Every structure is written in structure tokens, then in C-alpha cells.
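Hi,

Here is the structure for you to look over. My notes follow below it.

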Amino acid sequence: ISPVVLTLVSSDSLSGVAEIHYSTGGGGGSLYSSQLSFMAEGRHSPEYRALDLAGNLEEWRTIPFAIDVTSPLITVSAVPQPNDAGWHNTPPAVVFTGTDSVSGLAYCSPEAVPAAEGAGISLSGHCEDYAGLISTAAYTVNLDTTPPAIAYFLPPPDYAGWHTSAATATFLSPEFLADVRFAAESTRARGLRFDLTLGSGWSLG
């Protein structure tokens, strides 16, 4: 999860070490004189060998390792999507997905579902790659599964359930989670009163 610095050291108890050679891309190799730095992400397989003062040449050896310094890319979405007002009327499944082009994706949080209705419910998760790098994400849910309740007040009838003069019915919605929309002269309302006037001889059933 970080750049690698490679140091080569050789020993020979008889004649002693003459040279150390290394190769990072095949071929005959190069004479080693100082530490080797590897910055690029991905897999690396540098080779090395030593020559002693008696002319004995070691076989090539390999040190495989991988570098990944980029966290996975995470996306979050809700199924189904909210309506145009930003609300759900059924609990959505919040899904976390990720990609990682270097070490690969090891894990993503399972889908999350809000436990109760409400506004501004935050559901969070994370994805992790095989290098142990983690990315997190959150999704905000507005959930209202309760139909609005509408109450009204109407003066009592004058006789036998009938109004003999115009009567005013007052409507009131106690809805507090999502916006309640009424078609009343193209006016959008939330918890506001509307007066409905009944003509003579009419009643509200």
C-alpha cells in the first residue's frame, strides 16, 4: 500500500563478493550500486544475483511484490429511486458497489434498509480492496409509509341531517413527514386549512 525501496545485500565467506546485478525487465541486468525504488502500482518481479571474487556466478533469483496505493471506487444507490419530491413510500434497498483496478475488490457492505420511517435517514457502507484500502459512502433516505390523515369540521345540520343554508367545512391535514398535495385552485399546501362551502340543501357524507 506504499512505494517499495529494495536493498540488495550479498555475502561470501571465502573469496568475497565482487558484484551484485539486478534486472527489472529481463535482459542481462545492471550493476547494483544503490537502493532501488518502485513507485508504479501493480505487480513487480525484480531479479538479482551476485558474483564472487573467484568468478562464481549465482543463478537469478526473484522477489515478487505488488503495490496498490489507490482506494477502491465506491458507488451507492437506492432501489427503487425516490419520487420527484425526494421521498420513498416503501423502504428502499440501499446498495453499495465498488471497483478496484489494481489489487481488486475484496468486500462491499451488504445492502441496507431503513428500520423506520423518517426524514434524513443516513445509511452508510464501505468497500475494501485486497490491499486493505477502504472507501466509504452514505445515502440519505426520506421514508414515509403512512398515508395522510385528513380531519374536517362541519357545523351540525339544521334538520334531519340536512343543511338548509350554506355551510362551511374546514379541512385540516396533520401530515408531518411528506408534503401533502391538494388540488385546491392549483395551490400546493402542507397542513393548511381549506374551506369548502356547501350550497343550500347539500350535506357532506
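P147 is exposed, at a relative accessible area of 60%. Exposed here means over 50% relative accessible area, buried under 20%, and partly exposed in between, with a 1.4 Å probe and protein chains only. P147 sits in the loop between β13 and β14 (151-153). Strands are DSSP runs of E with at least two residues, helices are runs of H or I with at least four, and both are numbered from the N terminus. N89 is 58 residues from P147 in sequence, yet the C-alpha to C-alpha distance is 9.0 Å.

Some ground rules. The model is predicted, so local features need pLDDT of at least 70 and side-chain atom pairs count only at pLDDT 80 or more, while totals for chains, interfaces and linings use all residues. Residues are numbered from 1 along each chain as its sequence is written, and side-chain values use heavy atoms, with hydrogens and water left out.

Next, the disulfide. There is one in the structure. The cut-off is a pair of cysteine sulfur atoms within 2.5 Å. C108 and C127 form it, with sulfur atoms 1.9 Å apart. The link is right-handed, with 105 degrees about the S-S bond. It joins distant parts of the chain: C108 is in strand β11 (residues 105-108), C127 is in strand β12, and they are 19 residues apart. C127 counts as buried because its relative accessibility is 0%.

C127 also belongs to the largest nonpolar core, which has 12 residues, including I74, F96, L123 and Y139. Such a core is a set of buried Ala, Val, Leu, Ile, Met, Phe, Trp, Tyr and Cys residues joined through side-chain atoms within 4.5 Å. β9 (73-79), β10 (93-99), β12 (118-129) and β13 (134-143) each give two or more residues to this core. β13 has the largest share, four residues. Another core lies apart from it, with 10 residues, among them L6, I20, Y32 and A50.

Last, the largest pocket. Its volume is about 220 Å³. A pocket is an open set of points on a 1 Å grid over the protein atoms alone, where a 1.4 Å probe fits, with protein on both sides within 12 Å along at least five of seven lines; lining residues have an atom within 4 Å of a point. The lining has 15 residues, and S10, S11, V17, A50 and E58 lie nearest the centre. β6 (47-52) and β2 (17-23) each supply at least two lining residues. β6 gives the most, five.

Best wishes

Notes: Points joined across faces, edges and corners; volume = space filled by probe spheres on them.
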